[in-house]
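The following exercises are to be worked with the sequence and the coordinates at hand. Each task is followed by a stepwise solution.

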Amino acid sequence: MTAAVEGSPPLRMTRARRNALLQSEPVQGLALISPTFFYALILLVLPILVVIAHSFWTQHYLTIDRTFTLENYRVALTEPIYRDLLWRSLYISLTVSLFTVILAYPIAYFISFHGGRHKSLWLFLITIPFWTSYLLRVMSWKVILGYNGVLNSGLMGLGIIDEPSTALLYNTSAVIITLTHAWAAFAILPIFVSLEKVDRTLVEAATDLGDGPLRSFLRVTLPLSAPGVISAALIVMIPTVGDYVTPKLVGGKDGVMIANAIQAQFGKAANWPLGAALSVTTMLIVTLMAGATVLIIRALQRLAR
Amino acid sequence: MPEQLQRSMIEIKNVTRSYGAFKALDDASLTIREGEFFSLLGPSGCGKTTLLRMIAGFDNPTSGSIAVGGQPMEGIPANRRPTNMVFQSYAIFPHLNVEQNVAYGLKRLKLQGGEEKRRVEEALAQVSLTGLGKRLATELSGGQRQRVALARALVMRPKVLLLDEPLSALDKKLREQMQVELRRLQQAVGITFVLVTHDQYEALAMSDRIAVMFGGRIAQVASPKEIYQRPVNRQVADFLGGMNFVKAEIVEENGATLVVDTLGFGRVKTDKPKAFVRNGGGATLGIRPERLRVLWDNATAKFEVAGKVVERHYFGEITHLIVEIPGLEKPLSVTETNDFGADDIPVGTSVRLAYDPEALVAMAD
């Protein structure tokens, strides 16, 4: 009896404390994200760790030597072929994100500022190409850019060229054109969202203070929509560096990108450690490039003041 | 009145703005004088903001014309008009600091030799924001944002400064302080101010003249005192504070005077309002609650009415008494300051009320 009386207050306290802990906001927040978190942990973080581990090992025909080595990184960074592929991938992804943002901005601007009551209809129309598979969309560019394709027949029909041009397909430009189209909607949406957040009174205030339409756009609307431009650029840039289907289908010999090389190492060449080292290198470079993009756009934004 | 107040700055002639069948502004004509503090007063949806935006150039009249400083504004876009605006939301550029906000409009002028900096500092001093130039808009209080908006417009040295409900977002105390400051500032810079407001006290306290608007039409344009004391109709009278309305019958109408018979106040001779248009034999007499005075003990007055207190409402410095007068369909409301014990008059007491016949205003029915 005595023991129970002595024992119960601390017991009650721990229970109260446990309840308080369970009801606290951080704990509830963690509980809420934990399924996604574990999913990401198992399917994303673990594979990445495996890849990173592999990049420090060596392949001996069918077995893997697990002694630590930086040889794979030496090959990845110094072999001209990988260096060229990496540069080409970066060049393609930068060009694609630049073109995508430049092409997406006016569309997002139009929907946001002149869409009126039909904004959601316009956004809906933009998603229509995405109802078909990515592969089909890439293939359709093959039809457009090909030797007997739509573009060539069109140009010949107009008498602009005499014979079909082979400069359209199976090269870097074909990859850039296809990727720019494929990622357009992903750039339009974030820019649209940030334009929606621009207070229209601010544009009026700029006009009231003497700015014409172009000036008020450059001094108010554009700087205030910079966050959307940054996310659009990153959303396009990061995945396109590692794109593998598009160069495979429309890139030909000149359009091969780093992802195709990585795929080859994990596939036919059967050199997983080198493939892993190439992956990690690409990942790091993409991170650096994304960071640099953010900094550059921020600097431009400051300059616009 | 100084000479400059007589010259006109804004001429609004028969301006109508329709949206389909709805007329936001219906045949409005108005002259605003140079250097005056002019208010557009009315309930929401009366067209006051529409009119202000048309002066600024953000909206265009469906018909009619607007001229600023003698120059017709038709076809001139907002960015080339000699007007600047203080927006209701202040519209402070969030990506710029205070100095950059104020200098925004000057940048385009490419002023030489530190002139821009000098003018920005002068404008900041005018609104008592000296030293806050480097702050970001997000680091400012509501009152400070308002001052930035004001400085940003004033620095442009416009012919007309337009203010769209600039004080509505501030709390009561700050609002009253800003009313005094705005008025002082306007007198210091001598620019024509056009203020849009739905707050009658704000308009009365700050303006040289007020236009009262209802349903897209201008009901009355006059000085605050005249608007308050001699409203042209019941709507205007009602909008500008409490008013007792008494039914009256016209006995005689000539030139400038009007003789009417009422049940509570007997036969009254009053000035005939300029806009008075007789509508049958009836009219309405109005008297403000504070123009009725309780007569204590045996005090007498030349003009008085007798009645009984039926309600009493205490408001701190004043008390509202509701007094029933035999013969009147509605009891009179009386405002008494609490220095003689009006707050102690028990409900049910018989009282006599003194009034000045000058305070009675005739309105057309």
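**Exercise 1.** Determine how strands E9 (residues 209-214) and E10 (residues 217-222) of chain B are paired.

*Solution.* In this predicted model, the two strands of chain B run antiparallel and are joined by five bridges. Next, locate a facing pair: B:Ile210 lies opposite B:Ala222 of E10(B). Finally, inspect the turn. Two residues lie between the strands of this hairpin, and B:Gly215 adopts a positive phi near 50°.

**Exercise 2.** Identify the domains of chain A and state the distance between their centres.

*Solution.* The domain assignment divides chain A into domain 1 (1-46) and domain 2 (56-303). Taken over C-alpha atoms, the centres of these domains are 44 Å apart.

**Exercise 3.** Describe the side of chain A that touches chain B.

*Solution.* Begin with the contacts: 15 residues of chain A meet 18 residues of chain B. Helices H9 (200-208) and H10 (213-224) of chain A each supply at least two residues of the chain A side. H9(A) gives the most, with six residues. By residue class, the chain A side comprises six nonpolar, four polar and five charged residues.

Note on methods: Residues numbered from 1 in each chain as written. Chains lettered and ligands numbered in written order. Predicted model: local features only at pLDDT ≥ 70, side-chain atom pairs only at ≥ 80, totals over all residues. Pairing = 2+ DSSP bridges. Helix = DSSP H or I, 4+ residues; strand = E, 2+ residues; numbered from the N terminus. Domains from an automatic or database assignment. Contact = placed C-beta atoms within 7 Å. Nonpolar A, V, L, I, M, F, W, Y, C, P; charged D, E, K, R; others polar.
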